[in-house]
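Look at the structure below before reading on.

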Amino acid sequence: MPVESVFPRLEPLLPRVRKPVAYVGGEVNSVVKDWDATDVRWALLYPDAYEVGLPNQGVQILYEVLNERDGVLAERSYSVWPDLEALMREHGLPQFTVDAHRPVGAFDVLGVSFSTELGYTNLLTALDLAGIPLYSTDRDPAGGTWYPLVIAGGHAAFNPEPIADFLDGVVLGDGEEAVLAVTDQIRAWKDAGRPGGRDGLLAALASSGRLYVPRFYDVGYLPDGRIDRVTPNRRGVPPVVAKHTVMDLDEWQYPTRPIVPVAETVHERYSVEIFRGCTRGCRFCQAGMITRPVRERSITTIGAMVEKGMTASGFQEVGLLSLSSADHSEINEIAKDLADAYEGTNTGLSLPSTRVDAFNVTLADELSRGGRRSGLTFAPEGGSERMRKVINKMVTEEDLIRTVTTAYSSGWRQVKLYFMCGLPTETDEDVLAIAGLARKVIQAGREATGRRDIRCTVSIGGFVPKPHTPFQWAAQCDHEVVDARLRKLGAALRSDPGYGRAIGYRYHDGQPSVVEGLLSRGDRRVGRVILAAWQDGARFDGWSEYFSFDRWAACADKALDGEPVDLAWYTTRERDRDEVLPWDHLDAGLDHDWLWQDWQDALSGAAEVEDCRWTPCYDCGVCPSMGTEIQTGPTGERLPAGTRLLPVLNVS
Amino acid sequence: MAATRTPPAPKGPPPAPAVQHLLVTYAKRGRMRFASHRDVGRAFERAVRQAGVPIARSAGFNPHPKISYASGTQTGVASEAEYLTLALTVAQDPARLGAALDSGLPDGIDVIEVREDSGGALNGRLTASEWLMELPGISSDAATAAVRQFLAAAAAPVERLTSKGVRRLDARGVVLTMDVSLRAFTGYSGECAIIRMVVRHSEPAVRPEDVLTALRQIAGLVPASAPAVTRVAQGVVGDGGLAGPVGQPVGQAALSPTAEHKDVP
């Protein structure tokens, strides 16, 4: 039976909300399929505003992967701003997809991509608006109402325990193959007459190892509040659930038909992931730890994807994405050949994530050749050499000065430097060292160019220890200390009149990081805090205009009343080696002993960890346990010379 | 590296000169009426790139494609008569280019016509617009009475809240004609009167919403939900009607100097 569009009921509300175009869909390359011609249907929710969610690579990839299959339908949904939420409640409108404006509750699966834990309350809003019971255990009514399977993915899903009660399942790791495998299992279950109902389907998905189903695991606690153990509560369910890893990214060339938003969004470019994974070994970096090993796309695949993606979109900029794009084995060739191909077309090329020590003159030239210079951001992360050693981000001051000199000499007037505050073992001096560094950067720029209009912006945020990293045991720095250091740094940056106006300063307050810390390393008891905060009105917690620390602190007090744990226990408490961590039954492949040793090395200032792409394996454990291997070039290939990758309208 | 370097100048020859100007008439309809004028501009820039249009560019480090937009309808207001001009470095067949452009635009931002043009500024050629306002829940009789009262008024002072504070405008003086029409674009079910009017462009502009405010103030006209507003034509006020930017007759409204309103047929 066709599912009707809610658009006729939504349309009269749109003149009354901000940014209505975000809700209308109809973007170039969006897909609307015939509902009745498909038998497995996914709603893909990005739990943040459309302007943030639309460019998300994960959603765009899965949208294309799923819609390419016959009989499979995928539509996108995003969080609605509170003004529309209020109107939807008043008029009884459900959470909808932007593609065909179908109610999310009518789909087989609601896939939710979490880039950040601060989207958890938005999940609850979407479920509630969709009419889906918040607790997964309430979705099995005897009456037979079908609710979508609520399945989470994305980096934050590597510790889904705080939202475990609200989820039916979790996909760990790369989604491309996993969503297709889940799709096949759902179809097989439907074809077989839905054996066992919802529970039967979840059991089959859990037994296959494709899906972590939280309700099939019981969590026991010790009297002091720590976890005693996490145990499967039914047969056939693996005691530890492993992540998915896609090998050979050249076989998975998505997205090729990027969705082109009509609304203004945070990134307006065709993004191609030039490799996945990172083995630089920065100890704070969850992304680098959970996406191993490094798997490069070849230069020729990248060229082909860019050609298709730019032709299909008309974007003006190509983003070469990865966790550290200048580390691709053929980055100079990629940048040069793409710049050649787009010469004269006013196309920009950007490397959103570039290591200080991997940037070079070739890249500087190629990135600026189109006459367009997108922003240059480098992330030394730590202000002092000592600090950078603790976090294993081994870029020296000389690296930084050399790199910014190259950038300023190539015509950039402004670079942005990103740092963290509240890192393990950090002192005031480590943070104040950032001011000295910033001055040297300006000085180098002035010397290299002979100009005074050189600028640098220092951007700094609070560090949040993340699961599956060597810092997963660390005490998070409390927000008072972070804020005090940020104030001191601000004063230091402004103290020298010769540099005051050349150095910009942007910082994030410490309080949101504490809540992010609670949600990052929390266990299932934190779910009560999330529910309480949401009931109290928490929405869009990643947005400072909506975030309320006081609300979260009060809700944590209330929801954890009577438990031996509280907000500080989850955040500023250091864990010891033997503590069972809430995510220990979720396997990113990292060896527990290796992680612990790396944590100890951080504290003792022992030798740095090199990158296993260029030095022998350092036994992090991922490749042997996951059956994967590093895939890097160089391939020695080049993009065909003289090709024009943009269509040329024939002269009439 | 202590050597002093001056920033590199843009490489290559100066931008190619424009050899042809095209006037594009386009619509912003359906759900795309919620796009802002900036949104529409971005969509066209991408469509121009996607179609490989040999667009002329400005000089400098950040060359801009030479696309000139006539002022657009506000977010939420549809249009069947928006205009922009393209400056091209290689002459193109207008019809073919229009089709190529249209294929890169989202449905609802639709190219209606492309024709060769002098390249002159659009503003002087677009001095008035014809609008349709569909008013849910309003009967034709009520609309007719309200139109009569509005036209009888010497002035209709209204206020509108803008980002720069409260603006005071006269919504009556720029309204050249107003009547009640039966032509509908969005098709509300139920009672829904349609007011048609021709409004002279002014600075600051009087928008259809200002006229609606005046109709509420003067005649107590309050639609049940947000009115759907569509610009149906744009041009210069001439004998008997609006003339489009290249002199073609556009719109439906008769513009005799004595026109007040026509009764519903």
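In this predicted model, the centres of domain 1 of chain A and domain 2 of chain A, taken over C-alpha atoms, are 30 Å apart. Domain 1 covers 7–234 of chain A, and domain 2 covers 269–525 + 563–626; such bounds come from an automatic or database domain assignment. To the contact between them, domain 1 of chain A gives 23 residues and domain 2 of chain A gives 29 residues. Two residues are in contact if their C-beta atoms, placed from the backbone, lie within 7 Å.

On the side of domain 1 of chain A that touches domain 2 of chain A, strand E6 (217–221) and strand E7 (227–232) of chain A each supply at least two residues. E7(A) gives the most to this side, with four residues. Helices (H or I, at least four residues) and strands (E, at least two) are DSSP runs, numbered from the N terminus. Sorted by class, this side of domain 1 of chain A has eleven nonpolar, five polar and seven charged residues. Here Ala, Val, Leu, Ile, Met, Phe, Trp, Tyr, Cys and Pro count as nonpolar, Asp, Glu, Lys and Arg as charged, and the others, Gly among them, as polar.

Residues are numbered from 1 along each chain as its sequence is written, while chains are lettered from A and ligands numbered from 1 in the order in which they are written. Because the model is predicted, local features need pLDDT of at least 70 and side-chain atom pairs count only at pLDDT 80 or more, whereas totals for chains, interfaces and linings use all residues.

In the loop between helix H7 (197–207) and E6 of chain A lies Pro214(A). Why does Pro214(A) count as buried? Pro214(A) has 23 C-beta neighbours inside 10 Å, and a residue is buried if 20 or more other C-beta atoms lie within 10 Å of its own, exposed if 12 or fewer, and partly exposed in between, with C-beta atoms placed from the backbone. Beyond its neighbours within four places in sequence, Pro214(A) is in contact with Pro160(A), Ala164(A) and Leu167(A).

Helix H5 (residues 120–130) of chain A is largely enclosed by the rest of the structure, because nine of its eleven residues are buried. Among them are Tyr120(A), Leu123(A) and Leu127(A). Just after H5(A), Gly131(A) takes a positive phi of about 80°.

Leu127(A) is also one of the contacts of Val150(A), apart from neighbours within four places in sequence. Val150(A) is among the residues with the most contacts inside the largest nonpolar core, which has 218 residues. A nonpolar core is a set of buried Ala, Val, Leu, Ile, Met, Phe, Trp, Tyr and Cys residues joined through C-beta atoms within 7 Å. Helix H14 (residues 428–449) of chain A makes the largest share of this core, nine residues. A second, separate core of 40 residues includes Leu169(B) and Ile195(B).

Chain B has four helices and twelve strands, and 42% of its 265 residues count as buried. Strand E8 (residues 175–181) of chain B is largely enclosed by the rest of the structure, since six of its seven residues are buried. E8(B) and strand E9 (residues 192–200) of chain B pair in the antiparallel sense over six bridges; two strands pair if DSSP finds at least two bridges between them.
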